[in-house]
Amino acid sequence: MGAWSARHRKTAVFGWLLFVVLAAYLGGVHGSTKITESEQMPGQVAQAARILDEAGIKSPAGETVLVQSRTMTADDASFKAVVDQVATAVRATGKAGELHSPYETGAISADKHSALIQFTVLGEDNQAAVANVPPVMDAVTGVQKQHPELLVEEFGQASAGKWFNEQFSTDFARAEWTAVPLALGILLIAFGALVAAVLPVVLAMTAFVAASGLVALSSGVLHTSNDASSVMLLVGLAVGVDYCLFYLRREREERAAGHDSETALRIAAATSGRAVLVSGITVVVAMAGMFLTGIGTFKAMSFATILVVITAVLGSLTVLPALLSMLGDRVEKGKVPFLHRLRRDAGEGSRFWNAVLTPVLRRPLAAAALATAALLAIAAPMLTMHTANLTFQQQLPKDNTLVAVSQRIQDAFPGSPSPAHVVVKARNISSPEMTQALADLQSKALATGKMHGPTSLTVHAEQNVATVDIPLNGSGNDTTSAEALKALREQVLPATVGKIAGAEAPVTGSTAASVDFNKQMSGSMLPVFGFVVAFAFLLMLCSFRSLSIAVTAVILNLLSVGAAYGVLTLVFQHGIGASLIGTAGVGAVESWIPLFLFVILFGLSMDYHVFVVSRIKEAYDRGLPTGAAVAHGIRTTAGVVTSAAVIMVGVFAVFGTLSMQVMKQMGVGLAVAVLIDATVIRAVLLPAVMSLLGDRNWYLPRWLRWLPRLEGEAPAAAPAGTGTHHGRGEHELVG
């Protein structure tokens, strides 16, 4: 691929540009089809969403206005006047429906200092309701300004959705505009030349643009999501830059060794190009494991990431060698004098990594034991990890206005802020038996003592569907709420609606979503972990034809993932060090984060592993003893691995600064794991273990010698007298 692209430079470059433009244009014309609620969630939550979708029933976005006073009570005339004024102002917007006064529903706090005005925001779906809510919020704000002696505040699905949409757009833009310049700055330091630094970023961004178009174009078949776009940017930028960096640095190294441009490109294609291809396949296979969860959100993330990785690999193996062939030594144009003088030749390795590697290779057993003990200690907190679907209050920053309002509502009206929604479908929803069963459902739910009023019943006679809202005790995702949900599902429903022949009564709501999602995640973990580990092992086995290297790769990756889990638990569950990144411990890790991190990290960790071990194997195949090959491979890849890791850590850390808790957890988890992987794993544990194994690194049992050969061609030796010295006589042995 590299040789063809170098010979057909214009075809490769303009073909890539045409591909990117066409993919982006067609994707924009087609538009994105988002995943539905029934695809997002498993279990009874999906079943309830499916019943409502088939019946054409849209769940209206519920809103509430809290009217609260420290001095007045709901019985005072002034208090009642403000409640009436709010109701009038909300109705006047023409955007609200089904408004209920607290004096009708009894939504008055026990101390009578707080009251809730409940209504729905008009709109066929949540997005329409979000678009309609601003005039309502303005009306409520207007009443608040007129009565500063009271609190008049709005909270609900539409107002929260508006904040999430606006914040998501702001955060996504901030991540994009921060991550790209950050990557460019790091590459500028790594290469000391503007053109060489710009190339990887441009190729990574064009790969992201093309993949975004392809995702939109295919979203009619496999629906996508906003989360998938965030993950695609995150992974696409990281791997796209890394792949180009590996290729470009090797080509520059071979040119510096005295090879002509064509030979340098051929060597880069045979070595770094092959490492990029194997790494890309590993990431794709790892991401494919997410399809085993059966959840639409994961499928969307998986598919988007697979497309952006394939696109990045394709660009790195075709348009990059074409551009390098066109530019030649002009790739070093735009040198930054100070930075260029600082940059050492890639083959020499840095003083820092030489200082680290020397004692590791001198005492490999002690280094391996110390590094393993440190990683296990960091990973230990994961044994206490608690996962949950984070509530609205947990997702947002503590100083957020909506969080404060929801907390005040929670304090005045204890109990789960989001009730359980029972969706009942029957042959005849209006029959006397079903009417009695629905009444019994509400009374028996309250009789358990695990649920509380007020309950509400809505009957859709034409569709033979009814919905019953029953508030649960607890905070929404704690043990109390989970036990209340279990009682509703396993005791109350079977004794009431469940007795009617042909009736269905799945329970949905935020608590049900958290419980069902966690259950699905728990059931998916082993199949996904097994799939990813097995295929990564097979890929390493075929790529290096060594059982030892395949086993080592899997174990080292598991250690880095475990360390990331430990840090996540410490920071986000227990709050240790959380203030350093502008957050606080929320008592739980988002339920999908551990599986997501495992899949992403297992794929990305192979970038460095394949790149480093390929260089070690290359030196070994050219005659170096295993010990010297390990030293040579680590030293000659230290610079590029460091640069690639710093870029990845920087990009991921940007997501750790965003507003929503789930983005912080994802960014910090990825950044920590990559940092550990590129330092402790690759610079200490890998060379120590390979030194201890010696020639057993290349062990392949006779019964596995039928495996296909995927090794690259041996690179040509440098022209006589032009090679650079690699320390300890390694270059002479290689030559």
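Author: In this predicted model, a helix axis is a line fitted to C-alpha atoms over the stretch in contact, and angles run from 0 to 180 degrees between N-to-C directions. The axes of helix α10 (residues 226-256) and helix α12 (residues 296-317) cross at roughly 25°. They come within 9 Å.

Reader: Why are α10 and α12 called roughly parallel to each other?

Author: Angles under 35 degrees count as roughly parallel. The crossing of α10 and α12 is roughly 25°. So α10 and α12 are roughly parallel. The crossing of α10 past α12 is right-handed.

Reader: Which residues of α10 and α12 make the contact?

Author: On α10, Val231, Val235, Val239 and Tyr243 are among them. On α12, they include Ala300, Ala304, Val308 and Ala312. By class, the contact of α10 with α12 holds 16 nonpolar, five polar and one charged.

Reader: What makes α23 and α24 roughly antiparallel to each other?

Author: The cut-off is over 145 degrees. Helix α23 (residues 593-621) and helix α24 (residues 626-655) pack at about 160°. Therefore the two are roughly antiparallel. Their axes are 8 Å apart. α23 also passes α24 in a right-handed crossing. The contact of α23 with α24 has 16 nonpolar, five polar and two charged residues.

Reader: Where is confidence lowest, and where highest?

Author: Helix α26 (residues 730-734) is lowest, at a mean of 30, and helix α16 (residues 364-379) is highest, at 95. The chain averages a pLDDT of 85. At least 70 is reached by 93% of the residues.

Reader: How many contacts beyond four places in sequence does the model have for residues 344-349?

Author: For residues 344-349 there are 16, but pLDDT stays under 50 there. Residues 720-735 are also below 50, with 29 contacts beyond near neighbours in sequence. Where pLDDT is low, predicted coordinates should not be read in detail.

Definitions and conventions: Residues are numbered from 1 along each chain as its sequence is written. This is a predicted model: local features need pLDDT of at least 70, side-chain atom pairs count only at pLDDT 80 or more; totals for chains, interfaces and linings use all residues. Side-chain values use heavy atoms; hydrogens and water are left out. Helices (H or I, at least four residues) and strands (E, at least two) are DSSP runs, numbered from the N terminus. Angles under 35 degrees count as roughly parallel, over 145 as roughly antiparallel, 65 to 115 as roughly perpendicular and the rest as oblique. A crossing is left-handed if the near helix is turned anticlockwise from the far one by less than a right angle, and right-handed if clockwise. Ala, Val, Leu, Ile, Met, Phe, Trp, Tyr, Cys and Pro count as nonpolar, Asp, Glu, Lys and Arg as charged, and the others, Gly among them, as polar. pLDDT is the predictor's confidence in each residue, from 0 to 100. Contact means heavy atoms within 4.5 Å.
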